[in-house]
Amino acid sequence: MNDAHDDGLIRKAIGVLGALIMAVLGSAGLGFLLSPLVQKRDEGWVDVGPADAFKPGTPVQIQFVERTRDSWSVTEKRSSAWVLALDNGQITVFDPRCPHLGCPFRWNILDKRFQCPCHTAAFAADGAVISGPSPRALDRFESKIEDNRLLILPRPTQGHS
Amino acid sequence: MREWLKSRTGFEAIWKALFERAIPEAKGPVAWLYVLGSASLFVFIVQFTTGCLLAMSYAPTPDHAYDSVRFISDQVLAGRLVRGLHHWGATFMVVLVALHFSRVYFMGAYKFPREATWITGVCLLLLVLGFSFTGYLLPWDQKAYWATAVGTNIAAQAPVIGPSVAAVLKGGEEMGAATLTRFYAFHVLVLPALTALLIACHLFLVIWHGITEPPAREEDGAGDRRL
């Protein structure tokens, strides 16, 4: 057997195998290290039930649990929102806090308008200001309907003043 | 470049000592027994690297340990692979060092003048077992919890000092948050530091003394094959 030739072949084999192993380990390690760059963010849509459960015309208050995820730790918070369904199936979701100073307003059945107990701000069913100190219409939560489930994003977007 | 490095660092001498040193000429299956030490070293390096990565996304508290391990497996890129490497590497490590230990024992390679190499090696074997014991708790799932309960209860069986040993291991009378942080500190700080130190000593001694020849049968008259 030609020893010198054998030696060179083994060296080459070790080099190739070693490079292969390092490539696999290295790319796995690099991926792990850089994974914050590619991690998908949880947008925070909350499923609050079937969309056709809301009777058109009358706003209803819904309660839901909002989950905020910070890597592996999840915090839960009870929240609520006002949902108004229209005849054409469109749904508007309001932030339950008055835009004036943050009090929880409610729906006045007799007068058919939202009323804030703190400073008598009043809003129409579509959120527009009727009277009182509110600087703008009711704030809204973004919402969408998927497979007849109502999904909301419980972060306020400002209503029109 | 090579010349410059050679003259400034003397790496050539180190390279020669590490990789070009004379080793016994063993042929056939016996030769494979000589890879066990290097294989253990390689797996140790893999464990060290994957361990550093895992520690970046692991929280050693009862509230978060299990969830953070799941986070690594489900959310982190290549997290399942890195965790898998660490998991199987740990098992393989124990197998490798046990085989390495057996090879040295049955070949009588621990004898003069290599007693110090043997002693550091036995200490390293114990450290590896320490790694497996402390690492097993960290996922903080049912298997981990009860395995550690059994392990610490075995320690408690020792006469007189047993209960104290168990309490020191557990960081209290009951297993809990203190047990987890204790095991974590041992697993990622104490044991790696000691292991790195002992590996350095062990490797130095291996190179210093050279490696033993495979044992040959003594000629004893009956089986005399001398010409």
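Arg11(A) and Glu20(B) pair up in a salt bridge, with their closest N and O atoms 4.0 Å apart. A salt bridge here is a side-chain nitrogen of Lys or Arg within 4 Å of a carboxyl oxygen of Asp or Glu. The count of such bridges between chain B and chain A is 1. All of this comes from a predicted model, in which local features need pLDDT of at least 70 and side-chain atom pairs count only at pLDDT 80 or more, while totals for chains, interfaces and linings use all residues; side-chain values use heavy atoms, with hydrogens and water left out. Residues are numbered from 1 along each chain as its sequence is written, and chains are lettered from A and ligands numbered from 1 in the order in which they are written.

Now for the rest of the interface. Chain B brings 21 residues to the contact and chain A brings 14, where contact means heavy atoms within 4.5 Å. The size of an interface is often given as the accessible area lost when the parts come together. For chain B and chain A the buried area is about 1500 Å², and 79% of it sits on carbon and sulfur atoms. Buried area is the accessible area (1.4 Å probe) that two parts lose on being put together, summed over both. Leu53(B), Phe71(B) and Leu77(B) supply 33% of the area that chain B buries against chain A, more than any other three residues.

Polar contacts were checked as well: across the interface of chain B and chain A, the rule finds 1 residue pair in polar contact, with both residues at pLDDT 80 or more. A polar contact is a pair of N or O atoms within 3.5 Å; within protein, one must be able to donate a hydrogen and the other to accept it, and residues adjacent in sequence count only if both atoms are side-chain atoms. On the side of chain B that touches chain A, α4 (36-55), α5 (65-74) and α6 each supply at least two residues. Helices (H or I, at least four residues) and strands (E, at least two) are DSSP runs, numbered from the N terminus. That side of chain B divides into 14 nonpolar, 5 polar and 2 charged residues. In this sorting, Ala, Val, Leu, Ile, Met, Phe, Trp, Tyr, Cys and Pro count as nonpolar, Asp, Glu, Lys and Arg as charged, and the others, Gly among them, as polar.

Two of these helices also meet each other. Two packed helices are described by the angle between their axes and the distance between the axes. For α5(B) and α6(B), the axes come within 6 Å and cross at roughly 115 degrees. Axes are lines fitted to C-alpha atoms, for helices over the stretch in contact, and angles run from 0 to 180 degrees between N-to-C directions. From α5(B), Val69(B), Ile72(B), Ser73(B) and Asp74(B) meet Gly79(B), Arg80(B) and Arg83(B) of α6(B). The residues of this contact divide into 2 nonpolar, 2 polar and 3 charged. Asp74(B) and Arg80(B) also join their side chains in a salt bridge (3.2 Å, N to O). Asp74(B) is partly exposed at 45% relative accessible area, whereas Arg80(B) is exposed at 55%. Buried means under 20% relative accessible area, exposed over 50%, and partly exposed in between (1.4 Å probe, protein chains only).

Over all chains, the structure holds 13 salt bridges. One of them links Glu76(A) to Arg67(A), with the closest N and O atoms 2.8 Å apart, and both of these residues are exposed. In chain B, Glu12(B) bridges to Lys6(B) at 3.3 Å between the closest N and O atoms. Arg2(B), Glu3(B), Lys6(B) and Glu12(B) are linked in a network of salt bridges.

Asn108(A), in strand β5 of chain A, is buried at 17% relative accessibility. The side chain of Asn108(A) reaches the backbone nitrogen of Asp111(A) at 3.1 Å and makes a polar contact with the side chain of Gln115(A) at 2.9 Å.

Most residues other than glycine have a negative phi, and most peptide bonds are trans. Lys112(A), in the loop between β5 (106-108) and β6 (113-115) of chain A, has a positive phi of about 50 degrees. Thr120(A) has a positive phi too, near 55 degrees. In chain B, a cis peptide bond joins Phe112(B) and Pro113(B), with omega about 0 degrees.
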